[in-house]
Amino acid sequence: MSWKPTGPTSSADTRNSAQYGFFDLLKKPVEIYVFVDPLCPECWSLEPSLKKLSIEYGRFFTIRPILSGHLTVLNKDKFDKPKKLKEIWERTASRTGMSCDGDLWLENPVNLPWLASIAIKAAELQGKKAGRNFLRKVQEKLFLNKRDISDETALIECAREVNLDVQEFTQDLYSNSAKKALQCDLKLTQEMEVEYIPTMVFFNESEEEGGLKVSGLYPYDIYVKVLKQMLQMDPPPAKKPELEEFISYYGFVGNKEISVVYDWSKEKTEKEMKKLQLKQMVEKVPVKYGTFYRHVKG
């Protein structure tokens, strides 16, 4: 795969990077802590902006997901109110365009919410990328497929689908290492006074001052503005990959994610994806709100 969402993708972009002395290619100056909870629909709704930010400016930053535990630990009472949770999910899906099927809470509720967080930390023991891929897969199972992601069978299925070492993952799931890693995330959430999720905290390694905190969901341009403020410069966005490359790289994406990344209307996205369907490069996966597309490997 030639294209990656974290580096320059054109000669023009490389020239633009050159005027900054290539420091952005050698050492990414900004680290972004993204505080999330796997059960939070607004955290799921942040995905389109994170994808676009990684594609356009990923050469300048690394992302570090932090599990806040705000839903699974601090608001236990919410899990006793399935109808209320269903309403919150459905409202979020309608507002953001990222599908959340609230019927989960009536049909197949999550019994042990904290176990999903420990599972993500267990996956991270196989590498940062493994952890991020596993988190995404868990979110897909939860929000789109109405799976109880605290069920061990569902978690092992996620591990298998993102190509983890399943035996190692199963052992780590109940290990002290995974529990300690989650405790570190919860402690960091408290220390940084994160009171709302999702929250993104931007740090510049060369600056001794604290990071810039952005709590809640905002339009994409706000995240770009904060990143440029941290960089103290105004670099151009990298060239976007061809749609086929984007779908191939991520494997499974929503129409909302495509629309945000390419600045397309819903209608334009559907039209472009119809072309890829005709080429048999993707298959359409209907969900409660909108559509997802799965890359078909040739």
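Is Gln280 buried or exposed, and what is its relative accessible area? The legends below take up this residue and others in a predicted model, in which local features need pLDDT of at least 70, side-chain atom pairs count only at pLDDT 80 or more, and totals for chains, interfaces and linings use all residues. Residues are numbered from 1 along each chain as its sequence is written, and side-chain values use heavy atoms, with hydrogens and water left out.

**View A. Gln280 in the loop between helix H16 (266-278) and strand S6 (282-286).** Gln280 is exposed, with a relative accessible area of 65%, where exposed means over 50%, buried under 20% and partly exposed in between (1.4 Å probe, protein chains only). Although Gln280 is not a glycine, its phi is positive, at about 60°. Helices (H or I, at least four residues) and strands (E, at least two) are DSSP runs, numbered from the N terminus.

**View B. Lys146 in the loop between helix H9 (128-143) and helix H10 (152-161).** Lys146, which is not a glycine, has a positive phi of about 55°, and this residue is partly exposed, with a relative accessible area of 23%.

**View C. The cis peptide bond that joins Ile197 and Pro198.** Omega is about 0° for this bond, and Pro198 is found in the loop between helix H12 (176-191) and strand S3 (199-204). Most peptide bonds are trans, and most residues other than glycine have a negative phi.

**View D. Helix H8 (residues 113-124), mostly covered.** Of the 12 residues in H8, 10 are buried, among them Pro113, Leu115, Ile118, Ile120 and Lys121.
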